[in-house]
Amino acid sequence: MEVARTKPRVFLGSKGASLSAQDVWKVAYRHALVELDVAAVERLARNAPKDLPPHHHMPAPVSELTERLDEAECRAVLLLMVHKLLHSNAKIRKFVPVYLVEWLNSREPTTFLFECFRSEEFIADCIAQSISKPKKNPLVEKLQEENAGEFYVTEQERRAMADAGAGRLGISCLSLYLSSLLSVFVDVVAGLSCEALLAKTKAFDSEAYSQASAQKAEADVAGDLRILLVGSKLVNKPGGFDGECISAIPRIHGALREEAKIAAARLRVEINRASFDIKEGVSLFQVGCSPLHSNDSSPFLFNSLVSLALTLEQLAWSSLGRIAEMRAYLVRELSPSLSDLVLDEYIVFETECTLISEGVRRLYEDVEYLKDAPIVHMVYKALEDTRGIFAFEAYAALLVLHLREIRMKTTEKKKKKGTQELGLGKGMAKLKQILLQQLELEERQPLDMDLPQLTNVLSDQTLAETNQSPLDPGGGPSYLTYVYKWRCQMTNWFAGNFLQHLVAEFKSIVDSNEVARLPKIAKGTRDFGPKQMAVREKAFDIIAGVFKRHGAVALDTPVFELRETLMGKYGEDTKLIYDLADQGGELLSLRYDLTVPFARYLAMNKIDKLKRYHIARVYRRDNPAKGRYREFYQCDFDIAGSDYPQMVPDFEVLKVLTELLDELDIGDYQVKLNHRRLLDGMLEICGVPATKFRSICSAIDKLDKLDWKDVKKEMVEEKGLSEETADKIGTLVDMKGEPMAVLEKLEREGSPFLENAGSKSALKELGTLFHYLQKANCLHRISFDLSLARGLDYYTGVIYEAVFKGSTSSSSETGQFGSIAAGGRYDNLVGMFSRQPVPAVGVSLGIERVFAIMEQQLQDGSRQGIRETHTQVVVLGTGEGLMDFIIALVAELWAVDMKAEFACCTPRNLGKQIGSAGSEERQIPYAVIISPDDFEKGVVQLKILATKQQREVARDKIVHELRELLGLWPKTEQLIAAED
């Protein structure tokens, strides 16, 4: 057998080495040779059986199937067979893998070994038969001489080959490597079709692909297509095609990527899995082992292949939809004979799509079919059919684009305009050029023709005169002859190396254009400009001032915590916690709030009393809305410890909350208040089982967003309450209003709340709290509301929530910003982390919603503007050579703690600089202006920007003058000035 020795090699049998699907593809399509590891061959020789059983001639295997394997499939199966035998624990003589490798490295066809795939047993029998009755050639004769009288397959060797699963694994390798190439090729072809159809591609920019819930592969496909189409003048044109076969491209192509990725991961494990021991005289097939316990491929791999086949069906029909639209264009533009040909080709591929669909349905409906014709062969053929369909789509798209270019050039010529480009997207134009260059290389001549000639063809003049088919190489236009061959050539690319080059170029374009893509911010997050930061800094100053006024100390904790620290503390909201990717260390999550980290801090440091505040970012995987974000600041104030009179810490926390909202001056608000034990007592009175308290509380908490009938429906249909119990709850949760009035009603003689121990003690605590709030003149801000049921699991006592009741000038809608603060008592949370319980109470201000209200009020003009900077003086020079003087002066101003800016400008631009400094956003009070003439005289001009008054001041007096105007004197100098 003649063997080529210049090709790369795939090594088999070495320890630690693994086989990949790409390796299998290279050998299957004769791009690489196979070489056995010497140590592996010697190992087989050492472990070979000493006494061979007598040779029993096996009958030739008979196949009843019409489905035949092609050469690539047969070679893939042989390669996997050798790979598995080398890693098998069975006693196999070395000539068996050597014989198979020599066939792989020869130029002889391997299909004679086994022409179809009925079962793994069938393949093993075919190989055994070929060894027993080999074709005559020098290699066989040499092996026969080395193994005189022993050139046959033993039963144990035959069983090892049958149990290797090489048939399924080998063809699966081809299928999955083909799908990896196809996943890029289909994106390129779909991009060409979008250009050819002038398609509406706005769907690729959908916000759905930027959401956290978006499927990554779909988002990646949409992003890659956006990159390829950047700069396109064809897509999104008026009258362009807008159909599901365009908008569904990310979904369907993303599914191909995802299914191929999953199947490839499982396949990688299966092909490199070590073989199990085979007991003497017992076959795994004979004992009826599950494939999970045999050397056969995992059934999970087959499940992935079935899903891949279903994706191929959708992929094929999607492509056919785009082909149909391009066919309609070609029928309108081309001569009748050529349009008939396009119609015939379309019908052929419509039939192929139907066959793919029938095959997929058979997978689900006919179990016997799976036994007779394995899934892997069907999926491989479906992939081949799908690549043919996409090759035809590429052929149609390239033809349509060429015709559009001819029409455009013809129009420009008539209008006597210069030649213009068709206007493809930058990435798409490069890939199209790569495709055409490859086609020219294979045709060995340029794919171009004289413009008048092709124009005549399109107007049907040439065909009418010659009466010949446009595909006739002897008479018709050569371009159309070539273009008809493109589909066949592109189909053959999958067996060569060109598609690997195309994949590399595709990835290069996508990667290089990452920086050119219009950047977007993650959903649920915000950037803050200077004006917004001015608002935030002022608000933070107010908030920190109130906290410090009440004696709180600052505290900070890590932005992420151990996942176990956060789990089980937030009830149904636990699903909103952001989990960080496991980097092989601790399981971590971003903090959901600041309260649980505070409790962990107290427990870890054994602190039993602390009044603290904490202003920091927290993260929640929530659906963003107006004033609701996924990353936002919380401002927490908490009092921990038991050494306080009853309800005094609760009173102080509520007082801090009302002071905050009053001083932030956001408008009308209300603090809704309830008690957790009162709520539990109410549910117990109504007959709710204790196991359902928290889930029912979660439903009640939705009453501020939903009607009672919707909440009742959830309680009955989803939570399992009876309608009678739900109606009782509905009667009680409707109670709300002025605290003392509602409390008096609940404490009346005969009230069911007085008969429940928990609710009775809660009412007593609320009475004390309301008394303190009344003494502090803030009870009018409180609404006692029995429908308030904060969903967090750690609350044990008073709970409250502040809601914005006002409206902005731009909207008459009240309450549009929802909850702006919340809190309550949590006596057991610290005890979850230590044996020492520390009672605590706190409040958390949802500052982002407060900011949203303040910013809206600024836009409406209902809030006075806030300066973006704190600059007090701007120093301006109006000539060349003054920079040294300006820097020296501004350095003196900085040295006395004066906030100053400086700039050098021309006299013409001086007015613009002064106007900017005195604008509403900056409001700088003073400007010091230096001109060359003033510099010579040793003076400067001091300008009051608000009144536009200006006067001359000596250079050595200007710092003193500004300090007096701004009141910036140290205390000692102020005392001396006062005495004088």
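## Exercises on a predicted model

F560 is found in strand β4, residues 560–562. The model is predicted.

**Exercise 1.** Classify F560 as buried, partly exposed or exposed, and find what it touches.

*Solution.*
- Start with the cut-offs: buried is under 20% relative accessible area, and exposed is over 50%.
- F560 has 40% relative accessibility, so it counts as partly exposed.
- Next, list its contacts beyond four places in sequence: L580, L588, S589, L590 and R591.
- Now take R591, which is 31 residues away from F560 along the chain; their C-alpha atoms are separated by 5.3 Å.

**Exercise 2.** Check the span of helix α30, then describe its ends and its buried residues.

*Solution.*
- Helix α30 covers residues 757–775, 19 residues in total.
- At 1.5 Å a residue, it should span 27 Å; the end C-alpha atoms are 28 Å apart, which agrees.
- At the N-terminal end, N756 is the cap: a side-chain oxygen lies 3.1 Å from the backbone nitrogen of G758.
- After the helix comes N777, with a positive phi near 60°.
- The buried residues of α30 are S759, A762, L763, E765, L766, L769, F770 and L773.
- Their packing partners include helices α24, α25 and α29 and strands β8, β10 and β11.

**Exercise 3.** Locate the nonpolar surface patch that includes F902.

*Solution.*
- The patch is formed by M883, I887, W894 and F902.
- Together they have about 360 Å² of accessible area.
- Helix α32, residues 883–895, gives the largest share, three residues.
- F902 lies in strand β15, residues 900–904.
- At 35% relative accessibility, F902 counts as partly exposed.

Definitions and conventions. Residues are numbered from 1 along each chain as its sequence is written. This is a predicted model: local features need pLDDT of at least 70, side-chain atom pairs count only at pLDDT 80 or more; totals for chains, interfaces and linings use all residues. Side-chain values use heavy atoms; hydrogens and water are left out. Helices (H or I, at least four residues) and strands (E, at least two) are DSSP runs, numbered from the N terminus. The expected span of a helix is 1.5 Å times one less than its number of residues. Buried means under 20% relative accessible area, exposed over 50%, partly exposed in between (1.4 Å probe, protein chains only). Contact means heavy atoms within 4.5 Å. A polar contact is a pair of N or O atoms within 3.5 Å; within protein, one must be able to donate a hydrogen and the other to accept it, and residues adjacent in sequence count only if both atoms are side-chain atoms. Patches are made of residues with over 30% relative accessible area and no salt bridge: like charges are joined within 9 Å, nonpolar side chains (Val, Leu, Ile, Met, Phe, Trp, Tyr) within 5 Å. Accessible areas come from the Shrake-Rupley method with a 1.4 Å probe; for residues, only the protein chains shown count as cover. A salt bridge is a side-chain nitrogen of Lys or Arg within 4 Å of a carboxyl oxygen of Asp or Glu.
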